[in-house]
Amino acid sequence: MAKLTHAQIDNTVLATLSPPDRTYWLTVAGLFIGAFIGLCCWIYQIFVGIGVGGQNNPVAWGTYLINFVFWVGIAHSGTLISAILYLFRAGWRNPIARAAETMTVFAVMTAGLFPLIHLGRVWMVYFMIPYPNQRNLWPNFTSPLMFDVIAISTYLTVSALFWYTGMIPDLATIRDRSSGFRKKVYGVLSLGWTGQFEQWRHYIRGYLFFAALATPLVISVHSVVSWDFGLGIVPGWHSTIFAPYFVAGAIHSGLAMVLTLMIPLRKLFHYEELITMRVLESVAKTIILTGMIVGYSYITEVFIAWYSFNPVEQELFHWRMFGDYGLEFWIMFTCNVIVPLFLFFRKIRTSLPALMVISILVNVGMWFERFVIIVGSVAHDFIPHAWGLYAPSMIEYGIMFGTFCMFFFLFLLFVKHMPSVSMTEMKEALNSGDGDVHE
Amino acid sequence: MHRRTFLKLAGIGSLSVAVGCTSDPDKKLYSLVHAPDDMVTGKATWYASTCRECPAGCGVVAKNREGRVIKLEGNPLHPINQGKLCMRGQAALQGFYNPDRLQKPLRKNEDGEWRAVPYREAIAVFREKLTDAAGGRARMMTEVVGTTTEQIMGELMAYVDSPPPLMFEPYAYEALKTANRITFGIDGLCSYHMEEADFLLCFGADFLETWLSPVEYARKFKQMHTVREGRKNLFVHVSPWQSVTAANADQWLPAAPGGETAVLLGCIREALGARNGGELPGGIGPALHDLSEAYTPERVAELSGLSIDAYRKMVRLLLNAKRPLVLGQGVGSAGDDALATNVAANLLNMILDPELKRFDFVHRHRVEAAARRSEVYDFFNGLKDSDASLLLLNNVNPLYALPPASAAAGVMAEKDLFVISFSSFMDETSAQADLIIPVLMPLERWGEYGGKTGLVSTLQPTTGRLFDAPELAQLLKVMTLPPENLPEKLPRIQSMVQNRLTEAGQIQGKQEWLRTVQHGGIFAADAKPAETAEEEKGSSISPSKDAETSLRNVFRNAGNRTAKNAGPVFIAAPSLRFFDGRGANRPWLCEYPDPLTKVAWQTPVLMHPDTLAENGIRQGDIVRVASEWGAVRAPAYAFYGMAPDVAVISAGQGHDGFGQYAGGKGANPFIILPYEPEPVSGAPSFLLSPVRVEKTRKQLPLAHTDGNKTQHGRKIALTVGLEELRQHDAHGHHEKHGFGMHEFPFTLPLPEGYDPHRDLYPPREYDYRWGMVVDLDRCVGCGACSVACYAENNLGIVGEERILEGREMSWLRIERYHKEDQMEKVTFFPMLCQHCDNAPCESVCPVYAPHHSPEGLNNQIYNRCIGTRYCSQNCPYKVRRFNWFTWQWPSPLNLQLNPDVTVRSKGVMEKCSFCVQRIKTAHDSAKNEKRRIYDGEIQPACVQTCPTDALTFGNLADKNSRVRRMTDDPRAYQVMGYLNTKTAVIYLKKVVQEV
Amino acid sequence: MSMNNRYVMGLFNDESLTVSALEALKSSPWPLHRVHGPYPSHKILHALNFRKSRVGYFTLAGGILGFLSGYALTTFASVQWGLVVSGKPVVSLLPFFVVGYEMTILFGVLGTVLGLLITTRIPDRKSIKLYDERCSGEHFGIIARCDPGKQEELAAFFREQGGEVQMFEDEETG
């Protein structure tokens, strides 16, 4: 393959910003309507009561929190790829870093919605904000949910800033290649960046610190999310393995989602030369790793339950595997642990359709993991007389559908109006030799 | 943004939401310009009255706030219930405040449509019809009423020279009455000193549910049946299926229906043998000999299906008992042989204890005044071919309670018979009437009802009136006066009662009358009124003249029924919740799940799992139970406490009409019952065989509130064997150490309960530390506590489909656990908020809605709650309840709401508060009187009403308080204590003994 | 510096060319004004041998401030009512650590952003005037200063270094 030049990089990426055609706008409109349907479901729920969902006693947490954890999970690989792999100087990250960060930002936004949707009295949500008030009533900072509030908002802020900082030089490039109104807009967005080396030297330093801070953040945020359960007393939740287990799971799902997004993107935007098969392969290999970590966690959980000799734990995990939610459990296990193993085969790893299917399966599996953990634990905890089952209601499905639409809606808008591959980093990689994005 | 603007915006937000809510709590305040002397706003006044929900006649005190009654509690002075109340008594409020209660008289026009008419008109019609009916053409049927009302009714019927009123009760205990006549020569229902017995043998009498006087006998039963210095008296129950009563027996022996008589005759045979003849009065001894001769243990076992050595053991225990008491069949499983069984039971008592010390022939149950079923049938048949033109019905519902084959429906449909119903509800019978005149309900009227002979128990208005209905007794009285010259002041019932009592010499003067009303009756004279004095003391207690012949005739085919049993047997059991069906429109009673099946709002048909399996029926399949008289459809429920091939449906539901909560819910078992009454006693048969039990294609998901039947060996509802306990007594139980579920030590929610080895955080000092002790050995699972909680704390009624979704709101639930290896053994287990010292629910709330009070309560602040539901998820006991919607109280039910307790709206969590409002009240009075709160001064609603004193509430921090002393009991333990939650609800293990 | 300077930009589409041009410029009379480039080329950065960037101090300061304010907030909030939950002391430092931790990162990042804005002086309207759009593509632009009238020599210098030349006529810039 011919050596990639700066010009090629610019042209390929800038080509993606050409005015979109009708099908694009139709899709965007469709997704918007989908999101609107979700909104209507939520409004209905606010007026009638949370009971329109399927939650009950004992299962008072349903799809809302499942989706919350799911999206937070998705959000993780973005920062992982752009920050951790940046520190590791893993060159294959460069072509997908931008898209992954974008995914992160939008995923966190989506995730952030769910706690609100979940609240019984969302109109009182400001009780959770630590603001000075006459009653001197402040939130309870020992609550894992307050940890969440802090962690998730921090994560949203940081990943958004990280994302934008990384984009400034590219915005400048677009500014310089465009004319008229667009030039003005990108001019403003690029904050008058002119790529002076006086700026670059601070920029790369700052970017490094960004990465250095984002890395522990990624780990901590999903640990905090996991503590929503780990700090609970419920059998199946109350376990020290939860933090690493959830972080691994999050990255697992995140990488899968990256593939799910990248493969079509690559096709539509003719990124074949930037996002080479090798990049996708590297992602696939990482998925094998995370998949194995996750599988290990599953097995450890069961082992500990048996080893602890606690009848409640034992009963619960036996029930999880062979009880009412046995199907969900095995879907989870197959999709997250067995399916990724197929990526060991180069043939599969290098076939786009296979990759696509596997990535989607992993996403499904991870959704069910959250179902099994969240629903499958409280449904069957200490007091047998209080056991009960849960099934989502149409309203819940509606809201879920809406949020998925919202996510893709935002993502679609982004890729057509912002550089979905970081030109600067590609150029840098091109010369500084590392990264070798080209065979 | 400024704080204020922010709050404004938030306010707008919540307003826009509030618009959506259908029921905003009523924010209007009314000031009384002329308040009655005894009404201080915010302060409750109490009125003593009498419960009329069933014929038992318990005394109640009604809590009245700002003119409306909001809670009923037992009258502590009343000898029958001694301050306790059953769930039906609690629910009397919902009869009074029932949204389906008729507010105006209704008249049916030619084409059968109802038209509301003013009272004046309705009464005019009544008078006119009455004058037409003069000359013996009027008839009257009433529920069992008090003496005064009975007299007035008599006068009225005499006034139109017609036969006296007939008292109708679906459960009239004909068999028991007749048995008493045959064996004791007393055609009535004597009461029992159950508390004095040391061995109780019962053949189906469900004295914890409906039999005679449930609250009284529940109390007496537990007085007899608790563990005292390492000993516990025995209770053996022999019956075809396990009622709540049977579930409380030390040993329940499943007998083939009809086999009870055989068992009893067997016992008689052994007893006679042991007592070598035993001189029985009336020379029935020899007769008994040859009657019972045939009933050898083998034959008994064969006839009854009991295992022979279980039977032998039982007999041995019976004969060794010092103070045995044998009870026959209740109406529960009463078939044709009910008479035989009850006669046999009486005779057995006579043989075992010739003086019959545990029988009280003086204070007989008032319900004995009810007519036999045969008389009821004759009444209607009589109407058919008599020229009667007027039928008066007072609060009876024969069209529901009588088998369809009875003449009742036909008679009432007849054109030339004008039917006036004095009912407040459009039930099956009222629907067939021509005129409905709603009258005052017991809670708002004067009157008198003695639940037992010689007992005066008064009724007085406990609340402001909802509608301008007349007082029935007064209305009838007025009818007997010539219309042209009515006195200025109409006769008042209270003065009639007063006069009657004065004439009877039971009170002198106004003062005593006032005291009587304040106390709710005359209980000092509990001993006995003068006139019945001499017919006391065994002298007159002797078998009736024709005893011998009637015995032979009674026992002619005793026990053989079982032999001719072809196919399944069907039993229509009386219901703990609905009694005979009169409670079916009380939302609390529908909402509270049946103690045994845990099914609410529905009427399942109970069958043994094996029987179901044989017929290929799965739980929830709709089963069609058909007899030659009719068929009833109900979902099958697999219940272990059943003899094989027995199907039980409890009565009460399956109404058409009656009200929004009763209409179309459940099934009515009465409609397939046979018509013919038993010839000698005139008793109806509530047991019927054979029936056809067919599976239909349909299914009905059961609205049950239990997730699982057993406790999987967890530390929840523990039992301890008597032997084990004796060893325990030697050395206490607190020396346990370890972290496992069963090794974890007993840790009080007090500094004593803390130990640096286990606890990361330091303990807290308490001045008051509220706690509760639940004695599982005393809990009979009657559910009165739970319903009392609904009444006191404004719990929402969620209805059938919400319960199916698992959203019941009960703060206090009775969990029912079967023993894994003996599924017919049941333990009832009250579960409420444990008010843990280390409550898992508290720290997880982001806004401090649940937190720890300085007195150890686990507070829940409703208006701070934002509904994350994390607390509920993290509660190991799953006692927290979430308001999934804004629950509705259709007017006037909302008037019953307790003003001291917030009415929660959608989106907030709630749970048991230990009735914090009562704790606050106690604090106030203590403060005013500059003292500390007495031990036992605070009684949460559940504790207050528990008929068996299973619950005790108090201050754990006080070393001498009752609760604290009870925690030293070796039976004390904490549910799932190993979670180190340090619960403030301490349970005492149930003491079981093998028979 | 005096207002009547002239600026000339030499554009090179290759790192090594740029570096050699920079070397040559040093030995020439013309003072280097600044260098533009599409990406932070390490060779060039090296050639320009800058002092170490001070962004890190902002990050550090932010981090410390964040950690402290995290604990301050939580402690203050919990002593307001002193409500006991789950038997924990009112001020239970252990759980508060999570808040402290997250706040550290949040403020650290905000500090970094602030640092970047200050050190790189963006948003920046002026320098766009002395700029060539090719510099965001594949060219590096070296801007040197010279007295009026000397532009042609400077331009020639750049040309022989193998670059294209961009002249800036405007005096006002600097």
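Modeller: First a bit of bookkeeping: a helix here is a DSSP run of H or I with at least four residues, and helices are numbered from the N terminus. Keep in mind too that this is a predicted model.

A:Phe209 sits in helix α7 of chain A. What does A:Phe209 touch, leaving out residues up to four places away in sequence? Its partners are C:Val55, C:Gly56, C:Thr59 and C:Thr112, so to speak a set of chain C neighbours, with contact meaning heavy atoms within 4.5 Å.

Now widen the view to where chain A meets chain C. On the chain A side 57 residues take part, and on the chain C side 56 residues. The area buried between these two chains is about 5000 Å², with 70% of it given by carbon and sulfur atoms. Which residues of chain A lose the most area to chain C? They are A:Phe197, A:Arg201 and A:His202, which together make up 15% of what that side buries.

As for polar links, 20 residue pairs are in polar contact between chain A and chain C, counting pairs with both residues at pLDDT 80 or more. Helices that each bring at least two residues to this side of chain A are α1 (6-15), α5, α7 and α15 (423-432). The helix that gives the most is α7(A), with 19 residues. By residue type, the side of chain A that touches chain C splits into 27 nonpolar, 19 polar and eleven charged.

What about charge pairing here? In general, side chains of opposite charge can pair when their charged atoms come close. Between chain A and chain C the count is one salt bridge. A:Lys183 forms a salt bridge with C:Glu133, and their closest N and O atoms are 2.6 Å apart.

About 5100 Å² is buried between chain A and chain B, and carbon and sulfur atoms give 60% of that. The chain A residues that lose the most area to chain B are A:Asn57, A:Arg121 and A:His385, together 16% of what that side buries.

Across the interface of chain A and chain B there are two salt bridges. A:Glu315 forms a salt bridge with B:Arg714, with 3.8 Å between the closest N and O atoms. For polar contacts, the count between chain A and chain B is 33 residue pairs, both residues at pLDDT 80 or more.

A nonpolar surface patch of about 750 Å² is built from A:Phe32, A:Ile33, A:Phe36, A:Ile37, A:Leu39, A:Ile43, A:Phe47 and A:Phe401. Seven residues of the patch, its largest share, come from α2(A). A:Phe32, for one, is found in that helix.

Most residues other than glycine have a negative phi, and most peptide bonds are trans. A:Phe309 has a positive phi of about 65° although it is not a glycine. Its place is the loop between α9 (277-308) and α10 of chain A.

Chain B has backbone exceptions too. A cis peptide bond, with omega about 0°, joins B:Ser689 and B:Pro690. B:Pro690 lies in the loop between β27 (687-688) and β28 (692-699) of chain B. Another cis peptide bond joins B:Ser891 and B:Pro892, again with omega about 0°. B:Pro892 is in the loop between β35 (881-882) and β36 (909-910) of chain B.

Definitions and conventions: Residues are numbered from 1 along each chain as its sequence is written. Chains are lettered from A and ligands numbered from 1 in the order in which they are written. Side-chain values use heavy atoms; hydrogens and water are left out. Buried area is the accessible area (1.4 Å probe) that two parts lose on being put together, summed over both. A salt bridge is a side-chain nitrogen of Lys or Arg within 4 Å of a carboxyl oxygen of Asp or Glu. A polar contact is a pair of N or O atoms within 3.5 Å; within protein, one must be able to donate a hydrogen and the other to accept it, and residues adjacent in sequence count only if both atoms are side-chain atoms. Patches are made of residues with over 30% relative accessible area and no salt bridge: like charges are joined within 9 Å, nonpolar side chains (Val, Leu, Ile, Met, Phe, Trp, Tyr) within 5 Å. Accessible areas come from the Shrake-Rupley method with a 1.4 Å probe; for residues, only the protein chains shown count as cover. Ala, Val, Leu, Ile, Met, Phe, Trp, Tyr, Cys and Pro count as nonpolar, Asp, Glu, Lys and Arg as charged, and the others, Gly among them, as polar.
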